Amino acid sequence: MTNGTTGPGVGDAPIIETRDLHKHFGDVQALAGVDLAVPPGITGLVGANGAGKTTLIRLLLGLTAPTSGHVAVFGTPVAKDAAGLRARIGYMPEGSCLPRDQTAADFVAYAAELAGIPSAEARRRASETLFLVGLHEERFRYLGDFSTGMQQRVKLAQSIVHDPRLVLLDEPASGLDPAGRDQMLEVIDRFHGFGMNVLFSSHLLDDIEQTCDWVVMLDGGRLIRSAPLDPPGDGTAVSVEVFGDPLPLVAALTARGIEVTHAGRIVTAVSASEEVFVSVRDALADSGSSVRGMGTDLRSLEDVFMAATKQANG
Amino acid sequence: MSSQESAIILDRGYRSYDGPRTGRRGAMAAVVKEGYRRVLGLRRKAKRKLFPWTLIALALGSAGILVAVEWISSSLPVSLDTSELFPRYAGYFDFISNVALLFAAFTGPQLLVPDRTQGVLNIYFSRPLAVRDYLMAKGATFAAVILSFWLFPQLLLHLGYAALSPAGFLSYLGETTDILWKVPAAALVFFTMHSSLAFVAASFAKRVGTAAAGFIAVLVGLNLVALLFQEAGSAPGPRWTSLLALEQHPRYVRDWIFDLDASIAIPAQAGYGPEASLLMVIGVAVVSVAVVGWRYRRLT
């Protein structure tokens, strides 16, 4: 048995690509002109309810056809070979998807056979995968007797049992207690080392921050951000409280190309570059503003998401 | 303690797979295999085995009893024509068709309802398996299970009669070659009607029991409606209402195949020939395939 330590082996070529992707359900626009290139690794898919996350996942699986536009996985257009691609994609749905009358071992083996793994090998892999997610002892229990946390682990196991190159996880930590959530994220965090790429949809931005190295943000069917997620946040923010009018400082920072927000006399400058400190110093000097207080804080993914949403909505 | 003795496995990691992948055909085969297990209660709790195996025991047991009766009567000093007292092929077929109706009412919904209501379709269709593949695999499972249910007891009966025949085993088989096509042909007609209606019921019902009850209620209810039109002299319905008696069509065709008097069949009394009943069976199957296909396309 080998414990892979390398990535998917596809270099920096995008694993997921969409071009001008549109999907309408009648009058409802689920996706609108999404241009996306997701690199190998663990990618977070973020968006509110109705943002288009599930529609995007279904398009990647070839379960629904785009209204217009192009979608490809591993460079292969989904429309061209959806069944072939699905053999190398794992999917963990958000909702209930387990048969109550089967044992965990039987179901995970069956899931492997559905992906084309021969029967004897499927049973071996089911046992190993259930060990990986911490359910080896319980593998002969019926799924109807499992707790929510255990069911989530079985769902995760079935998504990787057939050695997929891409795993689509829809709210994998949903319904788990904090300890169960941490264990789930720990397992997911190891997937890239097993040669798998992950697209991880979640409402819980903390989970994305903890696990992912790239983030895709959707809002109302539109792509609002697809960028690396540098731990522990996406850029550094410097907050400056000034005496008097903050606007000269805002103007000076904006002139230096720094993203600025201000509330009252507190001006916050944000940049992915560590040069933001130098820019703030120079802007203070140029604007002649008097500093009352100053500090740094790291932007959370939630701040980034809210800012991106706000910007996208004008 | 040596270092080897104290060694423990903390993590077995993950093993990649470079072997063959069987694609859509393999996925369909897996669905068929799992369907077989589900309807027979294999790898399930004991209570899930009770109903199917009771019916299987009833079907096989009744064939065994008929053979035993034949054996006992053949060993009596007086000659006894058991065919007058106990049903032979057509009569046994009549009995087994009622048991098979119950079996189909249970089996069809078992194949479709849990997958749909428990959300397992989300996983099926994320694999290299299209909706059409899934339904074809389920249909193949249903056919294999139901036709086995029909044919194995009949085979047991046939071989038993052959073994007890005074003319000898092979002579008896030679003289009754028509059974070898009549029984499967009649079973196929029954299967087509039963499976079509059971799948339609199973495509919409949220529970196995509801689907089974709905399936039987439709068959019995439509029979009653057709009878009502036929019997109510004061308000005779149009002739075609006799065709609503869906349960009667396979029986009428079976009697046609076995060359039996079928004058009491509801469609026969309305003046329809068995060909019309055969067309009705085919028509119901075509409509059912369309309805189930539409339903699953909408679901996915």
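Helix α1 (residues 53-61) of chain A lies across strands β3 (42-46), β6, β7, β8 (197-202) and β9 (214-219) of chain A, running at about 150° to β7(A). Here, helices (H or I, at least four residues) and strands (E, at least two) are DSSP runs, numbered from the N terminus. Two residues are in contact if their C-beta atoms, placed from the backbone, lie within 7 Å. Axes are lines fitted to C-alpha atoms, for helices over the stretch in contact, and angles run from 0 to 180 degrees between N-to-C directions. Helix α5 (residues 148-160) of chain A also packs on the sheet, touching β6 and β7 of chain A, with its direction making about 165° with that of β6(A).

The model is predicted: local features need pLDDT of at least 70 and side-chain atom pairs count only at pLDDT 80 or more, whereas totals for chains, interfaces and linings use all residues. Residues are numbered from 1 along each chain as its sequence is written, and chains are lettered from A and ligands numbered from 1 in the order in which they are written.

## The sheets of chain A

The six-stranded sheet of chain A is open, with mixed pairing and the order β6-β7-β8-β3-β9-β10. Its edge strands, each pairing on one side only, are β6 (89-92) and β10 (222-228) of chain A. Two strands pair if DSSP finds at least two bridges between them. On average, neighbouring strands of this sheet are turned by 15° against each other, direction ignored.

A second open sheet in chain A has four strands in the order β2-β1-β4-β5, with antiparallel pairing. At its edges are β2 (28-38) and β5 (76-77) of chain A, each of which pairs on one side only. Helix α1(A) lies across β1, β2 and β4 of chain A as well, running at about 115° to β1(A).

| Strand pair | Direction | Bridges |
|---|---|---|
| β6(A) and β7(A) (residues 166-170) | parallel | four bridges |
| β7(A) and β8(A) | parallel | five bridges |
| β1(A) (residues 16-25) and β4(A) (residues 68-73) | antiparallel | five bridges |

Strand β7(A) is largely enclosed by the rest of the structure, because five of its five residues are buried. A residue is buried if 20 or more other C-beta atoms lie within 10 Å of its own, exposed if 12 or fewer, and partly exposed in between, with C-beta atoms placed from the backbone. From β7(A), L166(A), L168(A) and D170(A) point one way, while V167(A) and L169(A) point the other way. L166(A) is the bridge partner of I89(A), and L168(A) stands opposite Y91(A). Towards β8(A), V167(A) has V198(A) as its bridge partner.

## Helix packing in chain B

Helix α2 (residues 46-74) of chain B packs against helix α6 (residues 131-164) of chain B at an angle of about 10°, with their axes 9 Å apart. The two are therefore roughly parallel; angles under 35 degrees count as roughly parallel, over 145 as roughly antiparallel, 65 to 115 as roughly perpendicular and the rest as oblique. Residues of α2(B) in this contact include I56(B), L60(B), V67(B) and W71(B), and those of α6(B) include F149(B), F152(B), L156(B) and Y161(B). The contact of α2(B) with α6(B) comprises 14 nonpolar, three polar and one charged residue. Ala, Val, Leu, Ile, Met, Phe, Trp, Tyr, Cys and Pro count as nonpolar, Asp, Glu, Lys and Arg as charged, and the others, Gly among them, as polar.

Helix α4 (residues 89-117) of chain B also meets α2(B): their axes come within 10 Å and cross at roughly 170°. That makes α2(B) roughly antiparallel to α4(B). Among the residues that meet are F51(B), L55(B) and L58(B) in α2(B) and F95(B), V99(B) and F103(B) in α4(B). By class, this contact has 14 nonpolar, one polar and no charged residues.

## The interface and confidence

The contact between the chains takes 38 residues from chain A and 34 residues from chain B. On the side of chain A that touches chain B, helices α2 (82-86), α3 (104-114) and α4 (119-132) of chain A are the elements that give two or more residues. The residues of that side divide into 20 nonpolar, nine polar and nine charged.

The predictor gives the complex an ipTM of 0.88 and a pTM of 0.83. Chain B has a mean pLDDT of 90, and 92% of its residues reach 70 or more; pLDDT is the predictor's confidence in each residue, from 0 to 100. Among the elements of chain B, helix α3 (residues 82-85) of chain B has the lowest mean pLDDT (66) and helix α12 (residues 274-299) of chain B the highest (96). Where pLDDT is low, the predicted coordinates should not be read in detail.
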